[in-house]
Amino acid sequence: MNSDGIALEVAEAMQAMKIIYLSAGDSVVVNGEIVRQLSISETEDIVKKRRLPLAVGAYSKLDHAARACRLGVPRVHLLDGLLDEALPE
């Protein structure tokens, strides 16, 4: 089990309102732009088709993010720790 899966299990057990995944350079980029928001179905489609040139870690986080939402976690954030970005509310 990887850390993304552990975070999912803990969040589900705690009935968490949010999961924040922090990575080192695993941003989701489409057409040169960082994707800021995806629906569950869009996320599942990206993971299923694997057409984007993403790192393996990004696919793992996307997969676990979609699963978390399907299990009742209302919000999941994927943040790139190498970028200067503010935590979303």
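Predicted model: local features only at pLDDT ≥ 70, side-chain atom pairs only at ≥ 80, totals over all residues.

I began with the largest nonpolar core, which has nine residues: Leu 8, Ala 11, Ala 16, Ile 19, Tyr 21, Ala 65, Ala 68, Val 73 and Val 76. I then checked which elements give two or more residues to this core, and got helix 1 (3–14), strand 1 (18–23) and helix 3 (56–70).

Leaving out residues up to four places away in sequence, I found Ile 19 touching Ala 7, Leu 8, Ala 11, Ala 68, Val 73, Arg 75, Val 76 and His 77. I also noted another core lying apart from the largest one; it has eight residues, including Val 28, Ile 46, Leu 52 and Tyr 59.

Then the rings. How many aromatic pairs does the structure hold? I got zero.

Thr 43 was my next stop, in helix 2 (residues 40–49). Buried or exposed, I wondered about Thr 43? Its relative accessible area is 7%, and the cut-off for buried is under 20%, so I put Thr 43 down as buried. Setting aside neighbours within four places in sequence, I listed its contacts as Leu 38, Leu 62 and Ala 66.

Last entry: Met 14, which I placed in helix 1. Its relative accessible area is 61%, over the 50% cut-off, so Met 14 goes down as exposed. I also looked up Met 14 against Val 73: they are 59 residues apart in sequence, with 9.8 Å from C-alpha to C-alpha.

How values were computed. Residues numbered from 1 in each chain as written. Heavy atoms only, no water. Core = buried A, V, L, I, M, F, W, Y, C linked by side-chain atoms within 4.5 Å. Buried < 20%, exposed > 50% of the residue type's maximum accessible area, 1.4 Å probe, protein only. Helix = DSSP H or I, 4+ residues; strand = E, 2+ residues; numbered from the N terminus. Contact = heavy atoms within 4.5 Å. Phe/Tyr/Trp six-rings, centres within 6.5 Å; stacked < 30°, edge-to-face > 60°.
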